[in-house]
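Please look through the model below, and follow the chain from its overall fold to the pairs of residues that tie its parts together.

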Amino acid sequence: MSNRSKQNASKGPDKGAFPLDHFHECDNEAKQYNQCIQKHENMPKRCRKYQVDYLQCRMNNGLMEKEDLSKLGLGPETSWESEEQEKQFLFDKINRIKTKAMEEVKKKSEQSNKQE
């Protein structure tokens, strides 16, 4: 195999291939999600319920492997009802990280002062 063909080889999706919904088992869920996306100007966070419903339908009908929704990026940590809740969550998370970093700096500074 030449270098060129190795470079052009495509990589499959992380979760592998999954069957198309030939029997339209999840059409209703897909339609609701698409309508929500259009209504909310392509902001998927606002349509989270429909994302979950669609994925659950696919899992329940054997169209994809059953998977914990948190592994698909839909866990409780990211389930905000509004952009304001998301902003508050991120702000709080940044503050926790900042506080922890400041404590570490203080701790290292005190250790350094003891050694002198």
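The expected span is taken as 1.5 Å times one less than the number of residues in the helix, while helices (H or I, at least four residues) and strands (E, at least two) are DSSP runs, numbered from the N terminus. The structure is a predicted model, in which local features need pLDDT of at least 70 and side-chain atom pairs count only at pLDDT 80 or more, whereas totals for chains, interfaces and linings use all residues. Residues are numbered from 1 along each chain as its sequence is written, and side-chain values use heavy atoms, with hydrogens and water left out.

Taken as a whole, the chain has four helices and zero strands, and its pattern along the sequence reads α-α-α-α. Of the 116 residues in the chain, 15% are buried, where buried means under 20% relative accessible area, exposed over 50%, and partly exposed in between (1.4 Å probe, protein chains only). The accessible surface of the chain comes to about 9900 Å², of which carbon and sulfur atoms hold 51%; such areas come from the Shrake-Rupley method with a 1.4 Å probe, and for residues only the protein chains shown count as cover. Among the contacts in the chain with a separation of 6 or more, 48% join residues 24 or more positions apart, a contact being heavy atoms within 4.5 Å.

Helix 3 can now be read in more detail. Its buried residues are Arg48, Gln51, Leu55, Cys57, Arg58 and Met59, and these buried residues of helix 3 pack against helix 2. Gln56 is also found in helix 3, but this residue counts as partly exposed because its relative accessibility is 30%. The C-alpha atom of Gln56 is separated by 9.2 Å from that of Glu67, which stands eleven residues away along the chain. Just after helix 3, Gly62 takes a positive phi of about 70 degrees.

Which residues of helix 2 are buried? They are Glu29, Cys36 and Ile37, and, seen down the axis of helix 2, the buried residues fall within an arc of 100 degrees, so they line one face of the helix. The arc is that of the directions from the helix axis to the C-beta atoms. As background to this kind of pattern, an α-helix has 3.6 residues a turn, so residues three or four places apart point the same way. On the other side of helix 2, Lys31, Gln38 and Lys39 are exposed. What covers the buried residues of helix 2 includes helix 3, residues 48–60. Just after helix 2, Glu41 takes a positive phi of about 50 degrees.

The covalent links come next. A search of the whole structure finds two disulfides, a disulfide being a pair of cysteine sulfur atoms within 2.5 Å. In one of them, Cys26 and Cys57 have their sulfur atoms 2.1 Å apart, and because the torsion about the S-S bond of Cys26 and Cys57 is about -95 degrees, this disulfide is left-handed. Cys26 lies in the loop between helix 1 (3–8) and helix 2 and Cys57 lies in helix 3, so the pair ties together parts that are 31 residues apart in sequence. Cys26 counts as buried at 0% relative accessibility, and Cys57 is buried with a relative accessible area of 8%.

In the other disulfide, the sulfur atoms of Cys36 and Cys47 are 2.1 Å apart, and the torsion about their S-S bond is about -95 degrees, so this disulfide is left-handed. The pair links Cys36 in helix 2 with Cys47 in the loop between helix 2 and helix 3, eleven residues apart. Cys36 is buried, with a relative accessible area of 8%, and Cys47 is buried, with a relative accessible area of 0%. With bonded cysteines counted along the chain, the disulfides follow the pattern 1-4, 2-3.
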